[in-house]
Amino acid sequence: MEIINNIFHKKKFLVVFLFSAIFLVVFFFHNSYLSDHKTTDITAVKIGGVKVLVDVAITKEEHNMGLSFRTSLSENQGMLFVFEYPDTYGFWMKDMNFPIDMIWISEDKKIVSIRENALPESYPESYSPKDKSKYVLEVAAGFSDKNNLKEGDQVTFTY
């Protein structure tokens with residue numbers, strides 16, 4: 001009888017262990033997928049009722065390069081800078097060839113600050129938001145005014 005009880009407890013332990021292991025694996029893969037999905041897979045930003053196709057800048061090198069050396073942006077095209085944590089990230093117009101609007105977006109995806117018509121010749125001046133942001137969207141100059149953007153407006157990402 002003791003041997004049967006011992007085998008039963010070992011099987012019970014094994015079943016609990018396997019379910020726990022499966023749960024942990026699924027939990028970590030799921031969170032890893034969501035983490036990657038929220039940054040690298042963004043294809044567009046919906047802002048002011050307009051869909052803007054974006055290139056995403058995640059790494060420090062991509063942040064430093066930004067839109068430098070490009071010659072233009074089409075009307076509904078932009079670059080979305082994604083940062084690791086919210087802060088008051090400053091931007092400048094180094095090596096830019098055209099004016100842009102800079103839109104700082106909070107972690108909960110609301111506009112916290114807008115700098116309209118930043119000119120290439122303003123370099124080395126830098127622009128910073130009023131509040132912390134996790135994202136910055138750069139679009140062609142005039143976009144913010146044309147689409148009546150204002151602080152507090154909700155933004156959504158398309159993956």
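Author: Let us begin with Ser 113, which lies in strand β6; strands (E, at least two residues) and helices (H or I, at least four) are DSSP runs, numbered from the N terminus. This is a predicted model, in which local features need pLDDT of at least 70 and side-chain atom pairs count only at pLDDT 80 or more, whereas totals for chains, interfaces and linings use all residues. Residues are numbered from 1 along each chain as its sequence is written, and side-chain values use heavy atoms, with hydrogens and water left out.

Reader: Is Ser 113 buried or exposed?

Author: Buried means under 20% relative accessible area, exposed over 50%, and partly exposed in between (1.4 Å probe, protein chains only). Ser 113 counts as buried because its relative accessibility is 5%. Leaving aside its neighbours within four places in sequence, Ser 113 is in contact (heavy atoms within 4.5 Å) with Met 102, Ile 103, Trp 104, Pro 129, Lys 130 and Glu 151.

Reader: Which residues touch the most other members of the largest nonpolar core?

Author: In soluble globular proteins, nonpolar side chains tend to be buried together. A nonpolar core is a set of buried Ala, Val, Leu, Ile, Met, Phe, Trp, Tyr and Cys residues joined through side-chain atoms within 4.5 Å. Here the largest one has 19 residues, and Phe 81, Phe 91, Met 93, Ile 100, Met 102 and Trp 104 touch the most other members. The elements that give two or more residues to this core are β3 (77-87), β5 (100-105), β6 (111-118) and β8 (133-140). A second, separate core of 18 residues includes Leu 80, Ile 111, Phe 143 and Leu 149.

Reader: Which residues lie nearest the centre of the largest pocket?

Author: Rolling a probe the size of a water molecule over the atoms shows where empty space is left. On a 1 Å grid over the protein atoms alone, a pocket is an open set of points where a 1.4 Å probe fits, with protein on both sides within 12 Å along at least five of seven lines, and lining residues have an atom within 4 Å of a point. The largest pocket is lined by 18 residues, of which His 63, Asn 64, Phe 81, Phe 91 and Trp 92 lie nearest its centre. The largest share of that lining, four residues, comes from α2.
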